[in-house]
Amino acid sequence: MERYTRILGIDEQLIQVNCPIVFEKGALLRDNKNETNVLQLQFENISDRVVKATYVRVLCYDIENKLLGETEHKYLDLNEKYNGKFGDREPITIKWTESRKFVFEVQKVIFVDDPAYESIDKMYKMQWNLPLSELGDLKEQYEYEVTQINSSTKCKVRPAIGAGLWQCVCGGLNHFGNKKCGLCRIDKEKLFACWNLDKLAADKKVRDEELEKQRQIEQEQKLIAEKNAEEERLQKQIKRKKATKKILVFSILAVLGAITVYFIKEKYFIPKGN
């Protein structure tokens, strides 16, 4: 028999107001060896500060949403930079075997060399990952302007800000203190300044006019290139014809010359001794 049996998964991403840590995923497991239930949770650092410890509280409920109890756990000896994940290797024992619903609280986050984060708030489901489709025909213009700020940034979602956090267009979650996205490194202030529909519309009009002018220039250059290529082809064809004509004339003259020499030799040649 395997050591652990999966009871249920927790696959929704959770955030907490002003918190530099987000909940990524987790699972409730049955520890068949110790005959207990355990939680395996995975958290992620979204701050540009290095996390060395995180304290969490877990509230346990049954299927009827009755609070059964709570437990606390400390993740120590961490060294997690931005996007660093931790917790999934440390099972948390849940003594209430009927527990099927859980609420998490990040009570404290201790950084390597900064003041600690402390809170009594609860984590809740993130409502972001908003689509860019609401931009309509301005979507391409927005993507263009974002790449002018940072060419490596790929636009996947609408930028969002709130609850002490912000989400980049690349999808990266960031603590409000991050001046640049931890994933793609785009500047936060410049990124959000791009989300101006009136300016996007005006910029799109100007860019469309410039692209149309460029298209016309390229079309004219293409026609000129094709005309030059055709003229060059005709010139080469004329040269080939002239060269062929010269070769033909020289060949005829050579043949006539050879025939003339032959007849001269036949008519005037006098063998020696006569």
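**Salt bridges and positive phi values in the predicted model**

Glu105 and Lys122 form a salt bridge (a side-chain nitrogen of Lys or Arg within 4 Å of a carboxyl oxygen of Asp or Glu), with the closest N and O atoms 3.4 Å apart. Glu105 belongs to strand 9 (residues 101-111), whereas Lys122 sits in the loop between strand 10 (117-118) and strand 11 (124-125), so the contact ties together parts that are 17 residues apart in sequence. Helices (H or I, at least four residues) and strands (E, at least two) are DSSP runs, numbered from the N terminus. The structure is a predicted model, in which local features require pLDDT of at least 70 and side-chain atom pairs count only at pLDDT 80 or more, while totals for chains, interfaces and linings use all residues. Residues are numbered from 1 along each chain as its sequence is written, and side-chain values use heavy atoms, with hydrogens and water left out.

Accessibility was classed by relative accessible area as buried (under 20%), exposed (over 50%) or partly exposed (in between), using a 1.4 Å probe and protein chains only.

Arg158 is partly exposed, with a relative accessible area of 24%.

Within helix 3 (residues 197-268), Glu230 and Arg233 are three residues apart, about one turn of the helix. Their side chains meet in a salt bridge at 2.6 Å, N to O. Glu230 is partly exposed, with a relative accessible area of 35%, as is Arg233, with 41%.

Backbone geometry was also examined. Asn83, in the loop between strand 6 (67-75) and strand 7 (85-86), has a phi near 75°, a positive value in a residue other than glycine. Its relative accessibility of 30% places Asn83 in the partly exposed class. Asn129, located in the loop between strand 11 and helix 1, likewise has a positive phi, near 60°. At 44% relative accessibility, Asn129 is partly exposed.
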